[in-house]
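Visitor: Could you walk me through the aromatic rings of this structure, one step at a time?

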Amino acid sequence: MKDTIVRYLDSSKGLFYDISQYIGTNPELGNQEYKAKVALTDLLEEAGFHVKRELSGQPETAFEAVYHSHRSGPSIGFMCEYDALPGIGHACGHNLIGTQSAAAAMALAQVVDETGGTIYVYGTPAEETNGAKVTMADAGMFDHLDAAMMAHPSSDYVKSGTSLAMDALEFSFYGRPAHAAAAPEEGINALDAVLQLFHSLNAMRQHVTDDVRIHGIIPNGGEAANVVPEFASAQFYVRAATRSTLNPVSERVKEAARAASLATGAKLEIQNYEYSYDDMQTNETLSGLFTKQLQELGIKPDVIFEEDNGSGSLDMGNVSQRCPAIHPYVQITSRPLTPHTEEFRDAALSREGFNGMIIGAKALALTGLELLTHEQLVQDIRREFRQTFSIR
């Protein structure tokens with residue numbers, strides 16, 4: 001059955017290359033990925049998957065595709081991402097991620113009628129901003145999965161690791177305008193409140209744990225230098241290693257904003273301007289299984305790195321809180337490139353990048369096959385998941 005999966009992916013390279021190129025050369029921002037959604041859902045439907053193109057309570061560009069073997073067995077989920085970045089397109093390689101997950105699922109479908117089990121493919125829009133995995137996880141869409149998997153393009157092979165929990169907080173201050181020279185005493189300076197908030201948070205950084213990150217911008221700071229700013233706002237990402245660490249830190253940030261409001265007299269509104277992401281909790285049993293497949297595909301152990309402490313935030317973290325999950329990285333370029341750059345975008349559109357994606361698709365599909373054919377592995381993965389979340 002392993003040979004069947006590998007042969008299928010090798011013989012279908014032309015099809016998957018065309019899909020990855022189509023998505024890559026038609027970049028769409030988060031929640032606007034209409035072309036990508038059509039391309040992937042048509043592909044999966046033609047492969048025999050039952051496709052739900054509209055999911056209640058989810059973004060328009062989300063989808064679910066299911067292949068039932070009509071025999072009992074594990075439920076394996078693959079996550080598709082396909083949103084691009086403003087200005088520079090698929091500079092995070094999501095054209096490869098979406099194609100890779102669909103390809104892995106389609107390859108696994110070649111044998112699942114024999115093994116038993118069910119294969120799920122989830123279209124998860126807007127990972128770069130309001131990641132749909134958050135609302136999909138909240139809706140319980142992943143709770144039934146025995147494993148949820150995806151692999152991200154990178155300059156290296158990196159094992160699935162951690163990510164930071166994150167809150168995206170926006171603070172809007174409302175003051176009162178006045179002539180800044182003739183009658184400043186008549187005004188309430190909203191920008192002063194924003195600056196006071198920044199000063200408070202700069203002081204707070206000395207008194208938080210090393211894993212905490214607080215970084216922000218001032219998208220609105222006033223209209224003219226001779227007018228007391230009536231409105232000003234600040235946006236922050238507040239991050240920490242775990243949700244349990246992050247929650248009190250986010251509350252302290254909000255309290256600093258309330259203090260700035262009190263000190264200046266400006267009224268305050270607080271909102272989340274993007275969804276909150278939970279920390280990624282890799283299932284190490286599942287991760288080891290994926291790494292083993294890479295090695296059996298010819299990737300040498302000394303080029304598969306352990307991830308350092310996660311510094312970014314992923315909506316896959318929310319998935320990992322609901323079911324066993326992994327988010328490893330697969331090499332698509334031999335050059336040391338950084339995501340979110342034009343160079344990385346070009347690598348994601350290159351033949352070298354596509355060939356790296358195919359290796360990732362093979363490893364994902366073969367990992368799924370191991371679960372479909374070894375019940376003990378599924379039990380071990382479930383046990384680890386239960387233990388992880390009973391401790392926390």
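Guide: We are looking at a predicted model, in which local features need pLDDT of at least 70, side-chain atom pairs count only at pLDDT 80 or more, and totals for chains, interfaces and linings use all residues. Residues are numbered from 1 along each chain as its sequence is written, and side-chain values use heavy atoms, with hydrogens and water left out.

Visitor: How many aromatic pairs does the structure hold?

Guide: Rings of Phe, Tyr and Trp (its six-membered ring) pair if their centres lie within 6.5 Å, and planes under 30 degrees apart count as stacked, over 60 as edge-to-face and the rest as tilted. Counted in this way, the aromatic pairs number 11.

Visitor: Which kind of pair do Tyr17 and Phe354 form?

Guide: The centres of the Tyr17 and Phe354 rings are 5.2 Å apart. Because their planes stand at 85 degrees, the pair is edge-to-face.

Visitor: Is Phe354 buried or exposed?

Guide: Buried means under 20% relative accessible area, exposed over 50%, and partly exposed in between (1.4 Å probe, protein chains only). Since the relative accessibility of Phe354 is 1%, this residue counts as buried.

Visitor: Which kind of pair do Phe385 and Phe389 form?

Guide: Phe385 and Phe389 have 4.9 Å from centre to centre. With 55 degrees between the planes, this aromatic pair is tilted.

Visitor: What is the distance from the charged end of Arg351 to the ring centre of Tyr17?

Guide: A charge sits over a ring if NZ of Lys or CZ of Arg is within 6 Å of the ring centre and within 35 degrees of the ring normal. The charged end of Arg351 sits over the Tyr17 ring, and its distance from the centre is 3.6 Å.
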